[in-house]
Amino acid sequence: MSEEEITAEPDLHDPRVHELLERYWRNNLRIMAGLLLLWAFSSFGCAILFADWLNQFNLPFTGIPLGFWFAQQGSIVVFVFCILFYCIAMNQLDRKHHDALERLKNERASS
């Protein structure tokens, strides 16, 4: 087996590769949808819809009403944490997907 065949891209017409790519995309969409829902809840829900109710509570050690804090800074903080979590989750998903593609490539090279 030549080095070109071993390092070649996976065959996209192979049903196993196609299934891996579909699973990767489904997991990516699931992560994005969950994070977008979390951000929508924090920015729209906590900062607008539930702000009056949340204002009865104060941010610890500051005395700032919680609904006001979500409207001014909280949704931005949640957004930044969503980006951080997305990066970590996608790195793990990419590593898992890459390992699965490497296994398929090695199976193809050995046969």
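Visitor: Is phenylalanine 79 buried, partly exposed or exposed?

Guide: Buried means under 20% relative accessible area, exposed over 50%, and partly exposed in between, with a 1.4 Å probe and protein chains only. Phenylalanine 79 counts as partly exposed because its relative accessibility is 35%. The model is predicted: local features need pLDDT of at least 70, side-chain atom pairs count only at pLDDT 80 or more, and totals for chains, interfaces and linings use all residues. Residues are numbered from 1 along each chain as its sequence is written, and side-chain values use heavy atoms, with hydrogens and water left out.

Visitor: How many aromatic pairs does a search of the whole structure find?

Guide: Rings of Phe, Tyr and Trp (its six-membered ring) pair if their centres lie within 6.5 Å; planes under 30 degrees apart are stacked, over 60 edge-to-face, and the rest tilted. The search finds four such pairs. One of them joins tryptophan 39 and phenylalanine 79, which are tilted, at 4.7 Å centre to centre and 45 degrees between the planes.

Visitor: Which helices hold tryptophan 39 and phenylalanine 79?

Guide: Helices are DSSP runs of H or I with at least four residues, numbered from the N terminus. Tryptophan 39 lies in helix α2 and phenylalanine 79 in helix α4, so the pair ties together parts 40 residues apart in sequence. Tryptophan 39 is partly exposed, at 31%.

Visitor: How is the pair of phenylalanine 41 and phenylalanine 50 arranged?

Guide: This pair is tilted, because the ring centres are 6.1 Å apart and the planes stand at 50 degrees. Phenylalanine 41 is partly exposed at 47% relative accessibility, and phenylalanine 50 is partly exposed at 38%.

Definitions and conventions. Helix = DSSP H or I, 4+ residues; strand = E, 2+ residues; numbered from the N terminus.
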